[in-house]
Amino acid sequence: QVQLVESGGGLVQTGDSLRLSCAASDRSFNPYAMAWFRQAPGQEREFVARLRWSTGTTYYAGSLRGRFTISRDNAKNTVYLQMNNLKPEDTAIYYCAAGLRLLSEDYWGQGTQVTVSS
């Protein structure tokens, strides 16, 4: 069973940047894609970004494109989410997910809290 461990969340101010990390416990893990989702209080979990592992192709929620960047380190089996110009509405628990096929999320991390103060 692969475990995903997120880190990098915290409390920041409007306009600041944060980089989240998600490491897979199994170095030989070869997912179809890894993704980030987020869930704000009282709201449903929403898609943030996805990276197809074999090609590096990236996909973003339209509203976040340009401020958020998903990237990876193959050697570390780690995916990152660089978040710039953070806004209070970005406050949420951010979850990492890994899928074994197109648009599937088969493994989830425990989540990391991001809080943006105004």
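**Ground rules.** I am working on a predicted model, where local features need pLDDT of at least 70, side-chain atom pairs count only at pLDDT 80 or more, and totals for chains, interfaces and linings use all residues. Residues are numbered from 1 along each chain as its sequence is written, and side-chain values use heavy atoms, with hydrogens and water left out.

**Rings.** My pairing rule takes rings of Phe, Tyr and Trp (its six-membered ring) with centres within 6.5 Å; planes under 30 degrees apart are stacked, over 60 edge-to-face, and the rest tilted. I get four aromatic pairs by this rule. In one of them, Phe37 and Phe47 have ring centres 5.7 Å apart and planes at 75°, so I log the pair as edge-to-face. Phe37 belongs to strand β4 (residues 33–39) and Phe47 to strand β5 (residues 46–52), so to speak distant parts of the chain, ten residues apart. I take strands (E, at least two residues) and helices (H or I, at least four) as DSSP runs, numbered from the N terminus.

Next I checked accessibility, with buried meaning under 20% relative accessible area, exposed over 50%, and partly exposed in between (1.4 Å probe, protein chains only). Phe37 is buried at 10%, while Phe47 is partly exposed at 24%.

I then looked at Tyr95 and Trp108, whose ring centres are 6.5 Å apart with planes at 80°, so this pair is edge-to-face too. Tyr95 sits in strand β9 (residues 92–99) and Trp108 in strand β10 (residues 107–108), so the pair ties together parts 13 residues apart in sequence. Tyr95 counts as buried at 12%; Trp108, at 35%, counts as partly exposed.

**Charges over rings.** The test here is NZ of Lys or CZ of Arg within 6 Å of the ring centre and within 35 degrees of the ring normal. Arg45 puts its charged end over the ring of Tyr95, 3.9 Å from the centre. I also noted Arg72 over the face of Trp53, 5.5 Å from the ring centre.

**Disulfide.** I searched for cysteine sulfur atoms within 2.5 Å of each other and found one disulfide in the structure. Cys22 and Cys96 form the link, with sulfur atoms 2.0 Å apart. The angle about the S-S bond is -75°, and the link is left-handed. Cys22 is in strand β3 (residues 18–24) and Cys96 in β9, 74 residues apart. Cys22 is buried at 0% relative accessibility, and Cys96 is buried at 0%.

**Around β3.** Five of the seven residues of β3 are buried. I count strands as paired if DSSP finds at least two bridges between them. Four bridges join β3 to strand β1 (residues 4–7), running antiparallel, and Cys22 is the bridge partner of Glu6. Six bridges join β3 to strand β8 (residues 78–83), again antiparallel. Leu20 stands opposite Leu81 in β8.

Which order do the four strands of the open sheet take? I read β1-β3-β8-β7, with antiparallel pairing. β1 and β7 (68–73) stand at the edges with a single partner strand each, so one side of each has no neighbour in the sheet. The twist averages 20° from one strand to the next, using axes fitted to C-alpha atoms (for helices over the stretch in contact) and angles from 0 to 180 degrees between N-to-C directions.
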